[in-house]
Structure formats: structure tokens, C-alpha cells
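Hi there,

I am passing this structure on to you, as promised. Please have a look at it first, and then read my notes below.

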Amino acid sequence: QHSRGKSALVFCSTRKGAQEAAQCLSQTAGSLGYSNPFMKSMQQYEHLREASLTCSDKQLQSCIVHGVGFHNGGLCLKDRSLVEGLFLKGDLQILCTTNTLAHGINLPAHTVVIKSTQFFNKEKGSYVEYERSMVLQMCGRAGRPPFDDTGTVVIMTRRETVHLYENLLSGCEMVESQLLPCAVEHLNAEIVQLTVSDITLAIEWLKCSYLYIRIKKNPEHYGIKRGIPRDLLEKQMRDICVEKIHELGEYGLIWTDGDGFSLKPLGIQLRRNEKKTLNDINSDKEGRLRFHVVSENGKKKKRIQTREDKIFVLVNDCLTGDPLMHDLSLNQETNSICSNGCRIAKCMKEYFIYKRSYRSAINSMLLAKCLDQKLWESSLFLLKQLPGIGIVTAKALKTAGVDSFESLATADARKLESATGRNYPFGNQIKESLSSLPPKIDIQIEDAGNKQGKSTITVTLSRQSQAVRSSKQNYVDMIVGSEEDNMILFHEKIRAREFSR
């Protein structure tokens, strides 16, 4: 009725829902025989029949031959690519999918059906409405130029929420700017990039934003009186800028003269007197560093030229566990870099888990840990993580063959004291310090066999040791992924008290 013989996307809230919708549609279409509305020619049928033979998912295979497909993260990369290609060519007319497709691959359609406006929120433990932006993203797949001149959107929702989507589609709801609450972060980014160097440019930056347009249209929404004269509106924009600049200055993120006319970032800067030291570290004649600043030809740079180069060298020197850098000022900057870098890496981890990118998520998690402990995971001085062990003691223990938590746990306390030149009860103390570590976890993976064309594995986590009581909450990110597809198949954050499961 609505697709007029053209392509249609059916958005479902779950993977299983997308699969079941496709099976229902294909069974109905198949029962109609030659009257199948999704099959236009014998040539189309032949294309779909040949394509189905190359499909590894049996359920998808049975749907494709009737002109219907489904697309979700549970399919292997080969099958997803097959479905996408068939849909873009027009051979596959109906595609049932999850909402993640709305943000990802460019697969426009004439008709979009949003099968439900709710999804299950794990954090809240209940069904909630989609964000407005998500609904607009799904709607935006319909009738996208240059593929089609018109498009149709069908939204299936409950009676009590019909008015939300009537307002949305009729354009009655005005989109307001969200810049004001986070203007200070965006302004800081502009100052760091040197695109805003004084208050005049800051005001111009703000006036170029959608916020300025909306303040003129709807000032009351932003706490400004309606009917304010234009010159006073300009003053209001200036006041906002001055307020945000003062806030950045109070946090020590930027430098400004008394009036705020000149703005400079207070991040890591490369000073002339630091270059020789940094050059010497990057030359790395002893092979200490894991990574180096390199030039375009792939060779180590002889001269450190930018603050980014400086940050890279300082971090790599620090993560060896035995840094050459002993300058107090540079050490303070290194601590700041590692602290902020850890936060950024954790943010990257959350982003890549959201994007279901397996390798990137794992690398981000590992990087966050390394920056937090100021050690590479393969460092020779991992025992520095324990209280009371510095680089001198760690080197002495390594010489004695004690360079891991396991070897320390089994070592004799008196031999530890002899190796490090320390007195009793030092050996007992550093062995007891192992209890300050998070609990040790054993992981068992079993192949549960093949069910309905899908491989199933059972993952069991068992706590092998008890952590000391601490105000700090320990948890693990359990991630199961496919190396072949670089796809996260399962993720769960598990607290310490739930480790045995």
C-alpha cells in the first residue's frame, strides 16, 4: 500500500524482532506464489536464488528467495555485505533491521516502517521511547535524494504517544539549541586549536552558531526577555562569552589578560630548552621505547618540533617503567598527560563498545590501564604497581627472577630481602601487598555446540582470590567478540561481588 513497489526498510527494536519480522513477511509473500508483491520479474528471482546459495545463515537464506531480508549484528560480515548489496541493487525489496542501521551504512529506501517507538533500556530495566534524534534518523532513510523524489514513513506506536509523533512529523516542535549548557567545552576546544585567540573572535564564533539564531527567535527559552533590542542582544552574547572565558580561566585551562582580549591555551607547550632532552629520548639508542616519533620516511625524527611530538615522547618514556626524564616540570606534565589520557582512553572504550568495534575497544581498555599505572602491560617492572616498590627495588627483584605477581607470591620472603638489600620484615610486607590487588579471575570457555545454524559458547568467570575491603568498587568489562568481523557480540560490566557466575 505504501511502498508502491519500491524498497522498504522496517526498523525493529531488537535483533530477534528484525529476524522474526522478516520471516513473517517472507512466509506471507511465499504463500502468494506468483502474486508475491515483492517479486517483479523472473530475472529478480534468479538473482535472489543465486545469492541465497552463498548465504551462510539458513534463516536469512529462506527469506531472501522471497524478496525479504534482515540485517543485524548477529550476521557475519559476508552475509551483511550480501544483504546490503542486494538491497541497493533493488533485488531485495524489503529489509528488516535494527535501529543501529540508521546511524551506519547508507541504505536509503522509499518507505520506512518504524515497527515500534520503544526499546528495552537495560539500565532502567524497562521499555522507553526512542530519543527524538533516533526517530528522525530512521525517518531520514525514506526518499533520500538522489535515489528518490518522495518518501513515506509509517510509525507504529501506542495510542498515548501518538501526539508526540504527529507533532514531530508536522514540524510543530521547534528544535532548540543545546549549545549553551556546554558552550564552555566547545569554546575551550576552539581556543586550544587557536581558531579563537581573543574575545572578539569568541563573540563572532558564538554568533555564527545556531544558538544565536534561536536566541533571536525564542529568547525566553534561554532566560532572556522577549523584545530585547538588537544592541542589548549583542551585549548578552558578549556577557555569555566573558562568563565562559572567566570559567575557563578559573580552572586554569586558558590564560587571559585582565580584560580577556587575548586568549591562550594552558595545555602542554613545547619550550625551546626542552627540545634537546626530548630529542635524546626519542633517539633511543638503548631500544627502551615501544614507539617513537617518526618522520614521513618512517625513521625516527631527529628533532622534536611540536607539542604533540613532546606528549608522545613523554608518554612512551614514562610507560617503560624506567623513564629517563627527571626534570620536575616535565614530570608534572607527564603525570597530567597520563591522568587525562587515561580518561580519554576510557571514553574511547565506551565509544568503541557502543560502535561494537572489537579490536578498538580492547586496545582502548588496555591503553587506559597502562596510562593509569604508568606502565606498558609488557613492562619488565610490573611490580612497581605495588606499594613500597620503586624502580630500584623492581630492578633488584627482576635480577633475582621475580618480575611478576605470580613469581612474587611463590618467592621466599627472606630471599626477597636478600635480593633487595632490605631488612626484615620487608619480604613479608611486599608479599602481603599482593592482597591490595583486585581479585584474581579465572575464565573458562566451552563450546556449547551449534544450534539453529549458530555457534554457542559458554563463558564462566570464577573469582580465585578475595580483594581487601576497599571503598573503590572493582569491576570487569566482559567482552566477547569476533576477530574475523571485528564485531563485539556481547558486553557486560560485572561488579566484584558478581564475579562468580
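**Salt bridges and the sheet**

Both lysine 310 and glutamate 274 are buried (under 20% relative accessible area; exposed is over 50% and partly exposed in between, with a 1.4 Å probe and protein chains only). They form a salt bridge in which the closest N and O atoms are 2.9 Å apart (a side-chain nitrogen of Lys or Arg within 4 Å of a carboxyl oxygen of Asp or Glu). Because lysine 310 sits in helix H12 (residues 307-319) and glutamate 274 in the loop between strand S9 (263-265) and helix H11 (275-283), the pair ties together parts that are 36 residues apart in sequence. Helices (H or I, at least four residues) and strands (E, at least two) are DSSP runs, numbered from the N terminus.

Before going on, a word on how to read this: the model is predicted, local features need pLDDT of at least 70, side-chain atom pairs count only at pLDDT 80 or more, and totals for chains, interfaces and linings use all residues. Residues are numbered from 1 along each chain as its sequence is written, and side-chain values use heavy atoms, with hydrogens and water left out.

Helix H12 also holds aspartate 317, which is linked to arginine 288 in the loop between H11 and H12, 29 residues apart. Aspartate 317 counts as buried, because its relative accessibility is 1%. Arginine 158, by contrast, is partly exposed at 34%; its side chain meets that of glutamate 160 in a salt bridge of 3.2 Å, N to O. Lys349, Glu350, Asp477 and Lys493 are joined in a network of salt bridges. The structure has 18 salt bridges.

Now to the sheet. It is open, with 5 strands in the order S2-S3-S1-S4-S7 and parallel pairing (two strands pair if DSSP finds at least two bridges between them). Strand S2 (68-71) and strand S7 (152-155) are the edge strands, each pairing on one side only. From one strand to the next, the twist averages 15° (axes are lines fitted to C-alpha atoms, for helices over the stretch in contact, and angles run from 0 to 180 degrees between N-to-C directions). S7 pairs with strand S4 (residues 111-114) over 4 bridges, and there isoleucine 114 stands opposite isoleucine 155.

Which strands does helix H5 (residues 132-139) lie across? They are S1, S4 and S7, and H5 runs at about 145° to S4.

Best wishes

Conventions. Contact = heavy atoms within 4.5 Å.
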